[in-house]
Amino acid sequence: MRRKYNWLKMMASLISIFTLATCKIPYEPKLKPSDTNSLVVEGYIDGAIPMTIKLSRTRMLTNGDTAARIYELGAKVIVEDDKQNSYPLSEMGNGIYSSLYILPLTAGNLYRLHIFTTENEEYLSDFVPFRPSPPIDSIGWNLKDDGVQIYVNTHDPSDTTRYYRWEYSETWQYHTEYSSSYEYDPVNVVVIPRAQQIYYCWQTDSSTSILLGSSAKLSSDVINEMPLVYIQPHDERLSDEYSIWVKQYALDQNGYNYWLAMQSNTESVGSIFDPQPNETVGNIHCVTNPAELVVGYINAGNTVEKRVFIYNSSIPSGWNIPLYCPIKNVPDIPDSLKYYFSSLYTPIELIGPPPAYSGSTPDCVDCRTHGGVTIEPSFWP
C-alpha cells in the first residue's frame, strides 16, 4: 500500500513539473502612449568612412502588422566634440543622415550627437571617447556538423579595446543546371536568341543578429574564432563562389552592455527559462522632455573592414544536391511553343531535325527564380 502511495505521489510530481514546463504566459508590457513614439537612433560616429545616422520612431505593433517604418524626416543632426568643433550631417531621405565625407575625428577627443527635430525636440547623446578598432586579423571557416562555420579573429596589442561588435554582408554566386541560349517571345509566339544570360546570378544578404565579443575576462585582448554565420549543409550559398564582408566596431563597456541587453531582448526570449524583455537604456536623452525614452547607443571610433572569398572547390565534394531537372523537347510550331514556353518550361537550345527546342523548368534554367540578379558585383573577382 505504501509503495502504491509513493508511486502516485511521484506521478503527481511529474505531472506538476510537466504542467509548469509547458505553461507559457505571454509577456505583454504595459506601454504609455509616449513609449510608442520614441526616437530610435542607429549609427556610429565613424572616423574611417563617411558616417551615417538613421532616425526613426517606435510604434505599437499588432497582429499581422505590415505598416511601413516611421522615419524621422527634416531633422538637424550634428556631430560635436569636447573642443567645440561641430560637423553637421546631410539628410539623404528615409531617415538617413550622412557626413558625405570622412570626418576629421581625433583619438583622445570626446564625441556626441546633437539632434533637433521638426517638432522642436532636442536630443543629446553622452560624450563618448574615440576608440579606434584594431585590424581584423583574419576571417576563416571550418567544417561543423557537415556545414560551414565562418568566424573572425582579431586582437589589440595595446590591450585597450576589449569590447567588440560585428556586422557582415554576404554575397554568393550560383548557377542553374542548364545554360539557356534562347528565350520565348510571347508577342510573336516564337523562340529567339537570348539577349541576357540567366545562368549565373548573385544574391546578397546582411546580418540580422547582434554579434558581440569581449576579452575583458582574458589576460590579453584576443578574440579567437568568434562565430559569425553558419551555413547549413548543401546550402546554395556555397554552391559556386561565396564572399563575406565583415565590419568591426570597437565599443566601450557601457556600449557593450547596451548591445548585450538588446541581444537578450531580441534573441533569447522564447521559453519560460529565457530572460523576460527589459527596458534597455542607451546614452541618448531628450533635452526638452527628460522623461522620454530614446532608443539607441552612440559610440565613436574608426571601424575596420575585411572581405574574403570561399570557393566551392575548397569544401568537401558532395556539397550540392542536384535539382530534379526534366528535359522537354518542344516542336518549333506556334501551338506547342505557346503551351510549353508560356510558363511550364524555359527554352534551352535548338535541336533537330526536325527543328525543336529543348527546355526545362524555370528553376533549372533561370537563376533569377532563386532570388538573385544577373548583374555581377563590382568587387567580384
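1. E42 and R69 form a salt bridge, with the closest N and O atoms 2.2 Å apart. (A salt bridge here is a side-chain nitrogen of Lys or Arg within 4 Å of a carboxyl oxygen of Asp or Glu.) E42 lies in strand β1 (residues 39–43) and R69 in the loop between β3 (52–57) and β4 (70–71), so the pair ties together parts that are 27 residues apart in sequence. Helices (H or I, at least four residues) and strands (E, at least two) are DSSP runs, numbered from the N terminus. E42 is partly exposed, at 32% relative accessible area. R69 is partly exposed too, at 42%. Buried means under 20% relative accessible area, exposed over 50%, partly exposed in between (1.4 Å probe, protein chains only).

2. The model is predicted: local features need pLDDT of at least 70, side-chain atom pairs count only at pLDDT 80 or more, and totals for chains, interfaces and linings use all residues. Residues are numbered from 1 along each chain as its sequence is written, and side-chain values use heavy atoms, with hydrogens and water left out.

3. The salt bridge count comes to 10. One of them joins E72 to R57, with the closest N and O atoms 2.8 Å apart. E72 sits in the loop between β4 and β5 (76–81), R57 in strand β3, 15 residues apart. Both residues are buried.

4. Where is F130? The loop between β11 (128–129) and β12 holds it. F130 is buried, with a relative accessible area of 8%. T106 is 24 residues from F130 in sequence, yet the C-alpha atoms are 7.1 Å apart. Beyond four places in sequence, the contacts of F130 (heavy atoms within 4.5 Å) include G47, L105, T106, Y111 and N302.

5. The largest nonpolar core has 27 residues. (Such a core is a set of buried Ala, Val, Leu, Ile, Met, Phe, Trp, Tyr and Cys residues joined through side-chain atoms within 4.5 Å.) Among the residues with the most contacts inside it are I139, I150 and W166. A second, separate core has 25 residues, including M51, L103, I284 and C286.

6. An open sheet of 3 strands runs in the order β24-β26-β25, with antiparallel pairing. (Two strands pair if DSSP finds at least two bridges between them.) β24 (328–331) and β25 (346–351) stand at the edges with a single partner strand each, so one side of each has no neighbour in the sheet. P331 stands opposite A356 in β26.
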